[in-house]
Amino acid sequence: MAPPNLAARGAAWLCVLLVLAAAAAPAADALGMNWGTQATHALQPKIVVQMLKDNGIKKVKLFDADHGTLNALAGTDIEVMVAIPNVLLDLMTDYDNARDWVRHNVSRYHFQGGVNIKYVAVGNEPFLASYNGTFDKVTFPALRNIQNALNDAGLSDVKATVPLNADVYNSPTSNPVPSAGRFRADITALMTEMVSFLAKNSAPFTVNIYPYLSLYLSDDFPVDFAFFEGQAAPVVDGAISYTNVFDANFDTLVSALKAVGHGDLPIFIGEVGWPTDGDRRATNALAERFYNGLLKRLAANAGTPLRPNQYMEVYLFGLLDEDVKSVAPGAFERHWGILRFDGQPKFPIDLTGQGQNTMLVPAKGVDYLPRTWCVYNGNAKDTSKLAENVNFACTFADCTALGYGSTCAGMDAIGNASYAFNAYFQVQNQRDEACDFQALAVPTQTDPSTATCNFTIQIAADSSTSAAHRRTQSVLIGAPALFVLALLQLFFVLH
């Protein structure tokens, strides 16, 4: 008998160990993804679902209970959180309405090969301070009715929760440390009652935490404190030193829960992410830095100082850019996606948290409109109404990339006008009459994009949902104020 080949055996064992290590590595199934659809040309649900599967994403959080979306998710076993929009909360204060909603949006999908609905989000940040109490009296009754309706339907394993903004808790200015965290004074009683109900039903507390917003809202906020490298000057809270705002924010909530007797209530991160355009600090590079730090911590189950070494349920925000989102909070709102509007990756991101420099698998089977753009007409004779037409275009299309610090901010007045005209032309599916603007625009087959500014070609109707396009005229929220600088430039250069 020949002597054993020890080198070969060693190589074989090494392969086995590598396979086992890969199998044990934290995978994307530990992550959820927010899937928003506020877009003029939203990708077809079946394309998005295939993309989720291709990237190993096994949890998704929706902002409604759209039938087409849920049908596309059927049979995939992807865990789903469906949602009840804020505008429906008042209706859900009637138990019969809540029961009907559960029957039509949860029970109907509860069968072998159906949709794996695990949670119902009752509202979205309904206690936001800027809402001035609009939903304060209806949210908890709606939550209670939905959970009771789920229980009565034999679906007690499906849990109702309320995704909340982090402004529902804070620390006093006199002692701004996480251990002093308490629920906001105006809703303390409401939060205490709601938290007790969640605990009674073994449902999670869901909170949206955005380190980017801390940076955006204050020029004095230390940049490194928004990230996870530990380079920021620490916030010292007794024996604990916090070097990033995510941990500090999370533990402020833990302290607030503890103060109302439920310090061990499970916490889900309903939204966390970093935008890539619409502001000087909304860039691909900073988004990549943020996600690299976050995902490594999640993969290691690092937890936070008050909840160390714990698995954390997290939904990244978001999956795709949405060009119809309100820009009231800022122009960045339309650029939260880790993927472009058409499902193409923006930057390397390793969802397993292993730090590999990998790109996500892009959407497949996406058809585009013809390679035709709409640009400023260099032969235009009357430019007196140019600013007016640019304003019109940006009211009904997304021009947020033109804002200060954004990817298209460096263009001249002609470039600004061309970008605005093309954005409107694409939203209107390249209709001939959508590229005129009182003879100020002309179509072209020459790509006007620059090194930093992409002039979009939109998704064709067969790859997008027609319902999204029908919403365009009624839902798009114009924000001409965001483009004042561009318009001023047009006036001074062309008049």
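Trainee: What is the handedness of the crossing of helix 10 and helix 11?
Mentor: Helix 10 and helix 11 cross in a left-handed way, meaning that the near helix is turned anticlockwise from the far one by less than a right angle; clockwise would be right-handed. This is a predicted model, where local features need pLDDT of at least 70, side-chain atom pairs count only at pLDDT 80 or more, and totals for chains, interfaces and linings use all residues. Residues are numbered from 1 along each chain as its sequence is written, and side-chain values use heavy atoms, with hydrogens and water left out.

Trainee: Which residues make that contact?
Mentor: Leu386, Asn389, Val390, Phe392, Ala393 and Cys394 come from helix 10, and Ala417, Ala420, Phe421 and Tyr424 from helix 11. Contact means heavy atoms within 4.5 Å. Helices are DSSP runs of H or I with at least four residues, strands are runs of E with at least two, and both are numbered from the N terminus.

Trainee: And at what angle do helix 10 and helix 11 pack?
Mentor: About 40°, with their axes 8 Å apart. Axes are lines fitted to C-alpha atoms, for helices over the stretch in contact, and angles run from 0 to 180 degrees between N-to-C directions. The two helices are therefore oblique to each other; under 35 degrees counts as roughly parallel, over 145 as roughly antiparallel, 65 to 115 as roughly perpendicular and the rest as oblique.

Trainee: What about helix 4 and helix 5, how do they cross?
Mentor: Helix 4 (residues 95–105) and helix 5 (residues 139–152) cross at roughly 55°, and their axes come within 9 Å. That crossing is right-handed.

Trainee: Switching to the sheet: how many strands, and in what order?
Mentor: The sheet is open and has 9 strands, in the order 5-4-3-2-1-15-12-9-6, with parallel pairing. Two strands pair if DSSP finds at least two bridges between them.

Trainee: Why is one side of strand 5 and of strand 6 left without a neighbour?
Mentor: Strand 5 (159–161) and strand 6 (163–165) stand at the edges with a single partner strand each, so one side of each has no neighbour in the sheet. Strand 6 runs parallel to strand 9 (residues 205–208), joined by 3 bridges. Leu164 has Val207 in strand 9 as its bridge partner.
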